[in-house]
Amino acid sequence: MSKSKPTIFLDPALDRTSIATDETISRDQLAVWYRTMRLARACDQKLAALYRQGKIVGAVYLAIGQEAICTGVVSLLNRDDYFSTVARGLAGWFLRGVEPKHVMARWLGRDVPPAHGRELGLFFADIQQYGIAPYHNGSMASWIPSGAGFALAFKIRKQPRVYIAFTGDGATSPGDFYEGLNFAAIHKLPLVVVVENNCFAYSTTIEKQMPVENVADRAPAFNIPSEIAFGNDIFEVRRVAKRAIDYARAGNGPYLVEFKTFRVRGHGEHDDMGYVSADLREFWEKRDPLRLYAEYLSGAGGLDEAEVKAIDDECVQTVEDAVAWAEAQPEASPDSVTDRLFAP
Amino acid sequence: MAVITYLEAISQALRDEMRRDENVILLGEDIAVFGGAFKVTVGFLDEFGEDRVIDTPISESGFTGAACGAAVEGLRPVVEFQFADFIACAFDQIVNYAAKNYYRWGIPMPVVFRGPAGGGFRGGPYHSQNPEAWFTHVPGLKVVQPSTPYDAKGLLIAAIRDNNPVIYFEHKHLYRRIKEDVPDEDYVVPIGVADVKREGTDLTVVTYGAMVHKSLAVAERLSREGAECEVVDLRSLSPLDRDTFLASVRKTSRALVVHEAQLTGGFGGEVAAIIAQEAFDVLDAPVTRVAALDIPSPFAASLEDAMLPTEEKIYTAAKNVLEY
C-alpha cells in the first residue's frame, strides 16, 4: 500500500466531475432527493449565519459537502429500518420527514420534542415517529455497538430489518468500532456501517489516524465485505449502499461502506480550517455533491434550470420560515430541568 | 418456600423472569456453555437457547452497547460482567448512553448490568473492587446491592422489570455463605426502599452489601454489652431512601456509616452529609464512617485484610460513637 499518495485526493478510479445513473428514476423522485439535499445545504448556511450572529450558542456543526451520502442511503431504507447519525446526516433526517422548523428550534435551544432543550441540534433521535435510533457521542463509534444491539433484536425476532450506522473516518479508531463490528460479524447481524470519510477527524489527517490507506482496509479483520465509493455522487451512493443493505437484510451479516467525501466547513463553525490546503478545497469544490446533482438534473435528469432554481429558492424560503417559527418558540422552563430523569 | 443461597436466589430470579418474559435475554462472558464464572447461569443455555443466552467476546463496551440498543428495541437484556471490576471497560456506554438516554430523548432503556463485586478472596486489584460510587455519581442510573437471598431475588426481578438502566452489584462473598428461606413464587423488592435489618435505640448503622452481615455481628456483640444498634440496609443507593435512615438517626441520635468500598469519594460520604445536614439537631456524636483504606485492593492476605473493613474496625468505630 503506497503511502506516497495523499489520501486527501481521490483515487482516479473513483474520481468524476459529472454523474449519471442507469436506474429509471422519475423526475418527481429526482426532485425529492434534490430538494432534500438543497434543504440541508440551505439550513446549514443559515445555521452558520445564526452562529456568527450569536443567536446559536455553544457550537454548530454543519454537513456541507456530505449531503449526497445520507440522502442516497436513507432513500433505500424501508420505513421500519433504523439509522443513527449526527447532524452531518441532516439530509437523512429530512428525508425521513423531520421538519426544518424543529431542527432550527433544537439548535436554538427551544422547548420542542423530543429533547425539550436538553440536547444540541447536533443530535436527534426519535424511533416512534422517524425510525431514527438513539445513540450517544462518547465518540462517533459509540453507536456501532448499540447499532449491533438493534440489529440483534431484529435477528432474534426474525424481522427483515436493517440498522445503518452513519459515522466518520475518525470513528474507526476507537475500540467501539472494533467491538461493535466484531460482535455483529460473529452473530451475522443486519448492521451496515456507512463511513463518511471526509478527510479529517477534526484537524487530523487520515495518515495520522490509521496505518492503512482506506477505512475499508480494516474490514478483513471482521471477515465482512466492504466497498469504497465516491460519496458525492448520489447515484453511486445508491448503487453501493443497495448492495450493502440487501446483503445485511438477507441475513448475511454486517457490511462496511466507505464513501470518500469532504467536509467543506470546519469540524464546527468555530474551526478556521487552517489545516486544509487551497488545493484540496479547490479539488472538492469542483466535486460538490449539489453541483454535480444539479448539473445532472438540468441535463439528463429532465428538469430545466428554472425548475432547479425554483427548488433552490423554495428551500431558502422554507429555512427562513423555519427560523421565524423557531425563534417564536419558548425556551424550556427552568422548572422542567429535573423532569424525565427516569422512565415510569 | 425453600432455603436457598444468595447465588441461587440470583439464578432463580433470572430463570423465572426468562420463563415469564421472552424479551429477557442474557449477555456476558462465559455465561452460556460454561454457565458463568460463578455458575449463576448453569443450565440456562439448554433451557433458553443461544439466542437468549449469549456468550460474548471479551469486549465489555461492545456487548454493553449492544445490550443498550437491544433494550431500546424492547428486549430486556441482563448483562453479566464477569467481575464488577471489568465494568470499567464499559464505562462510556453506561454513563454516557444508558444513563442519559431517557433524559435526552424520552426513550426508555430497560437494561440490567450485573456486577459480582467485593473483596476478601485474594483476588487482587482487578477481581475485588466495589465500584458502586463510580455510578451513584451519574444521574439516570439506578444502583442496587442486595445483602440477603430474599433481597437478591426481589431486587433482581425489580431491576429486570424496571424501564431504566439498573446496575446490580452482587457481593461474591455472600454467594454461597448466606442462605435463607425464600418464596418460590416471584415477588419484587422495590428499588429505592431501604430495609431495617435490626432494630435498636442507641446507634444507627447505615450500610449495604456484605457489610450488613458484619454490622449485624457487631450489633450482637454490642447488645451483649448493653447497646442496641439499628442496622439500616440501604439495598438501593440510587435512588436513595433517605427517609428510612434519617428516621432511624432521629431515634438513636448517633450514626455510623459502613461500606466495603474505599473511604474517599465513597457512597458513605453522601449518606454522612445527608445526616449532618438533615439531622444535625439530634446528633449526639459526629457521623462516622468505616470503609476500606484508600488504596487499590492488594493481593496478599495480610495486606487485603489490613485494607478491608473488619468487624473489629466496625466495633471500635461504633464504640467511639456510642461513647462520644
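Visitor: What makes the contact between A:Glu269 and A:Arg52 a salt bridge?
Guide: A salt bridge is a side-chain nitrogen of Lys or Arg within 4 Å of a carboxyl oxygen of Asp or Glu. The closest N and O atoms of A:Glu269 and A:Arg52 are 3.8 Å apart, so the pair falls within that limit. The two residues are 217 residues apart, with A:Glu269 in the loop between β7 (255–260) and α10 (278–285) of chain A and A:Arg52 in helix α1 (residues 27–52) of chain A; here helices (H or I, at least four residues) and strands (E, at least two) are DSSP runs, numbered from the N terminus. This is a predicted model, in which local features need pLDDT of at least 70 and side-chain atom pairs count only at pLDDT 80 or more, while totals for chains, interfaces and linings use all residues. Residues are numbered from 1 along each chain as its sequence is written, chains are lettered from A and ligands numbered from 1 in the order in which they are written, and side-chain values use heavy atoms, with hydrogens and water left out.

Visitor: Is A:Glu269 buried or exposed, and is A:Arg52 buried or exposed?
Guide: Buried means under 20% relative accessible area, exposed means over 50%, and partly exposed lies in between (1.4 Å probe, protein chains only). A:Glu269 has 12% relative accessibility and therefore counts as buried, whereas A:Arg52, at 60%, counts as exposed.

Visitor: How do you know that B:Glu80 and B:Arg114 meet in a salt bridge?
Guide: Their side chains come to 2.8 Å, N to O, which is within the limit for a salt bridge. Because B:Glu80 lies in strand β4 (residues 76–80) of chain B and B:Arg114 in strand β5 (residues 112–117) of chain B, the pair ties together parts that are 34 residues apart in sequence. B:Glu80 is buried, with a relative accessible area of 3%, and B:Arg114 is buried at 2% relative accessibility.

Visitor: How does the span of helix α7 of chain B agree with what it should be?
Guide: The expected span is 1.5 Å times one less than the number of residues. For the 14 residues of α7 (residues 211–224) of chain B this gives 20 Å, and the end C-alpha atoms are 20 Å apart, so the two values agree.

Visitor: What puts the buried residues of α7(B) on the same side?
Guide: The buried residues of this helix are B:Met211, B:Val212, B:Ser215, B:Val218, B:Ala219 and B:Leu222. They cover an arc of only 125° around the axis, and therefore they sit on the same side of α7(B); the arc is that of the directions from the helix axis to the C-beta atoms. What covers them includes β10 (203–207), β13 (255–262) and α11 (311–322) of chain B, where contact means heavy atoms within 4.5 Å.

Visitor: Why is β13(B) called largely enclosed by the rest of the structure?
Guide: The reason is that 7 of the 8 residues of β13(B) are buried.
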